[in-house]
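Trainee: I would like to learn how to read a helix and its surroundings in a model such as this one. Could you take me through it step by step?

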Amino acid sequence: MLQICAETTVNARFFDAPIGIVVTIHKDMGKGCFMDLGMSIMSLFIAAQGMGYATTGIGALSNHADVVHHDLKLGSDELVVCGIALGREDTSAPVNQFRTERDPLDQYATFQGF
């Protein structure tokens, strides 16, 4: 497991999942590649769910890219995008009871021509 300072949040521990994935992308990839990467990550999430597994993205991991680079010996040409926790969902775990508030769609998106 990555040693992220003295931080003991569930994010840094990959929600105690048995599998923690660190997602990186080469710094020289074009902007469109982030869209491709996002679709690949979503496909992984959907495939895992279809097989009875649970996943969650961990965007906060990119805040500790220096530690990730050091611990995983990543090249300087790799940009840490996020982490992914993969495992079986524990529906009784307190962390799985937490729900963040979300703004209504019309507060952050505009659809034109529909």
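Mentor: We start with the model itself and then turn to a helix. This is a predicted model, in which local features need pLDDT of at least 70 and side-chain atom pairs count only at pLDDT 80 or more, while totals for chains, interfaces and linings use all residues. Residues are numbered from 1 along each chain as its sequence is written, and side-chain values use heavy atoms, with hydrogens and water left out.

Trainee: Which residues of helix 1 are buried?

Mentor: An α-helix has 3.6 residues a turn, so residues three or four places apart point the same way. Here helix 1 covers residues 32–50 (helices are DSSP runs of H or I with at least four residues, strands runs of E with at least two, both numbered from the N terminus), and its buried residues (under 20% relative accessible area with a 1.4 Å probe, protein chains only; exposed is over 50%, partly exposed in between) include Leu37, Ile41, Phe45 and Ala48. Seen down the axis, the buried residues of helix 1 fall within an arc of 80 degrees, taken from the directions from the axis to the C-beta atoms, so they line one face of the helix.

Trainee: What covers the buried residues of helix 1, and what does the face turned away from them carry?

Mentor: The cover includes strand 1 (19–26), strand 2 (54–58) and strand 3, where contact means heavy atoms within 4.5 Å. The face turned away carries the exposed residues Met35, Ile46 and Gly50.

Trainee: Is His69 buried or exposed?

Mentor: His69, in helix 2 (residues 65–72), is buried, with a relative accessible area of 19%.

Definitions and conventions:
The expected span of a helix is 1.5 Å times one less than its number of residues.
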